[in-house]
Amino acid sequence: MYKPTYKKRTARMISWVCGSLFTLFSLLYLFVMQADLLATAQHLLSKGQTVYSPLWGTVIITLLLLLLQGVFRRIMVYPLRFHALYYFRFRASCWIAYVHCSSNGVECTIVHQLDMAHGLYFLYILVTWMALHFPDRKNGKQNAFSFLWVNFLWLALQFCMVNSIANTKDVYHYRLKAERYLVEGQDSLALQVGAKSLQTDRSLAAMRVFALSRENLLGEKLFDFPQYNGSQGLLPSLSDTTYAHDWTKALYKHLGGKPGKNLKDNTRFLELLSQRPSATAAAKDYLLCAYLLDKNLDAFVTVLPRCHEVNDNLPLHYKEALILYNRLHTTPAITYKNSVIETNLNDFLHYGMQYTHATERSNQCRRMYGNTYWW
């Protein structure tokens, strides 16, 4: 029976190409996309006793997958056109141990994972049956490309399947990374996470506010980040269970008090807290920012003199608010003048008047003045 002389060389080439593509995908996927997710999983499963290293974790997991793939090749032989299926089995196996990140938090839902794994194994058996019923032709010569393109297709399908199953939501990964930096005390790094993205949620907004407060930048850079939840975004919801690390203890220690279970209005909580001896200077800045987010300038100017001297050393957003307050009141309780900020406010107002369409005006003003209190 005729056997092509280059069959073994073709098999080695296909094995090397598939292995290289799988290794590259695994390294990028584990180190870039899922590092924080795996760190959170290990923290939860070990109850905080161990720390996950993204670099070593990625290398070890990838080596284990390659080793298992080698072992499986000794047990079962696929046709060359289906060589990429050696990697499918281990994607399904790893899924059982995958930490499912639901919208309600980070939790190990093993039952859900077993159901998913059963589905993957059924698909694996079906594809294996198909592969074994279409063996490579033993007679005649075949171009190596005829084997490669089929394996490329199987690899692409597996990569797409993995990405579709895993949690790849940007905000969720921002939150995991920012939370880890907060716990480690690296507030400046926490502020850099997703800093250019307009996507956020209440939990991430609260983390950023906490980091700004510890950096003494709350009144200076609060509006560098999107604020979609008003004053409610200053503090996390007491019912929120999305946190792997208990960073909220450090937050309420930083403020000098914690809201009761029935007190859901952040502004009211901060008003009550500011009257207590335990309230810190940070709590008073939180209150001032709550008034700004509530667009309550009258309450803001009433509380401001109790916390800061009204002069040009005030944080930027406080000065912007005062200039706007003086513009809106004929007899203001506090008179404050700053020619530079007044000019910026005039430019902001005139800039917006150039656009008649509301959406266009909103987008253009956000690009130029999105980090101001006026916006």
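Residues are numbered from 1 along each chain as its sequence is written, and side-chain values use heavy atoms, with hydrogens and water left out. Because the model is predicted, local features need pLDDT of at least 70 and side-chain atom pairs count only at pLDDT 80 or more, whereas totals for chains, interfaces and linings use all residues.

The secondary structure of the protein chain comprises 17 helices and 2 strands; helices (H or I, at least four residues) and strands (E, at least two) are DSSP runs numbered from the N terminus. Of the 375 residues in the chain, 46% count as buried, where buried means under 20% relative accessible area, exposed over 50% and partly exposed in between (1.4 Å probe, protein chains only). The chain exposes about 20700 Å², of which carbon and sulfur atoms supply 59%; accessible areas come from the Shrake-Rupley method with a 1.4 Å probe, and for residues only the protein chains shown count as cover. Among contacts (heavy atoms within 4.5 Å) with a separation of 6 or more, 66% are made by residues 24 or more positions apart.

In soluble globular proteins, nonpolar side chains tend to be buried together. A nonpolar core is here a set of buried Ala, Val, Leu, Ile, Met, Phe, Trp, Tyr and Cys residues joined through side-chain atoms within 4.5 Å. The largest nonpolar core contains 63 residues, and Leu234, Leu255, Tyr286 and Phe300 touch the most other members. Helix H13 (residues 281–293) gives the most to this core, with 10 residues. A second, separate core of 29 residues includes Met76, Ala84, Phe88 and Leu155. Beyond its neighbours within four places in sequence, Tyr286 is in contact with Val209, Phe210, Ser213, Leu218, Leu234, Leu235, Leu251, Leu255 and Leu270.

Leu293 is also found in helix H13 and is buried, with a relative accessible area of 14%. Neighbours within four places set aside, Leu293 is in contact with Leu222, Phe223, Gln227, Gly230, Ser231 and Leu234. The C-alpha atoms of Leu293 and Tyr228 are separated by 9.6 Å, although the two residues lie 65 residues apart along the chain. Ser231 itself is located in the loop between helix H10 (218–221) and helix H11 (248–255), and is buried at a relative accessible area of 5%. Residues up to four places away in sequence not being counted, Ser231 touches Asn266, Thr267, Ala290, Leu293 and Asp294.

Helix H14 (residues 297–307) has as its buried residues Leu297, Ala299, Phe300, Val301, Val303 and Leu304, and these pack against H13 and helix H15 (316–328). Ala321, placed in helix H15, is buried with a relative accessible area of 1%. Apart from neighbours within four places in sequence, Ala321 is in contact with Leu292, Leu297, Phe300 and Tyr373. Ala321 and Val301, 20 residues apart in sequence, are 8.9 Å apart in space, C-alpha to C-alpha. In helix H2 (residues 35–45), the buried residues are Ala35, Asp36, Leu37, Ala39, Thr40, Ala41 and His43.

The largest pocket holds about 680 Å³ of space. On a 1 Å grid over the protein atoms alone, a cavity is a set of points where a 1.4 Å probe fits but cannot get out, whereas a pocket is an open set with protein on both sides within 12 Å along at least five of seven lines; lining residues have an atom within 4 Å of a point. Grid points are joined across faces, edges and corners, and a volume is the space filled by probe spheres set on the points. The largest pocket is lined by 24 residues, of which Phe223, Pro226, Gln227, Gly370 and Trp375 lie nearest its centre. H13 and helix H17 (358–369) each supply at least two residues of this lining. The lining divides into 13 nonpolar, 6 polar and 5 charged residues, with Ala, Val, Leu, Ile, Met, Phe, Trp, Tyr, Cys and Pro counted as nonpolar, Asp, Glu, Lys and Arg as charged, and the others, Gly among them, as polar.

Most residues other than glycine have a negative phi. Asn216, in the loop between helix H9 (202–214) and H10, has a positive phi near 60 degrees and counts as exposed at 69% relative accessibility. Lys295, in the loop between H13 and H14, has a positive phi of about 60 degrees and is exposed, with a relative accessible area of 71%. Just after H2, Lys47 takes a positive phi of about 55 degrees.
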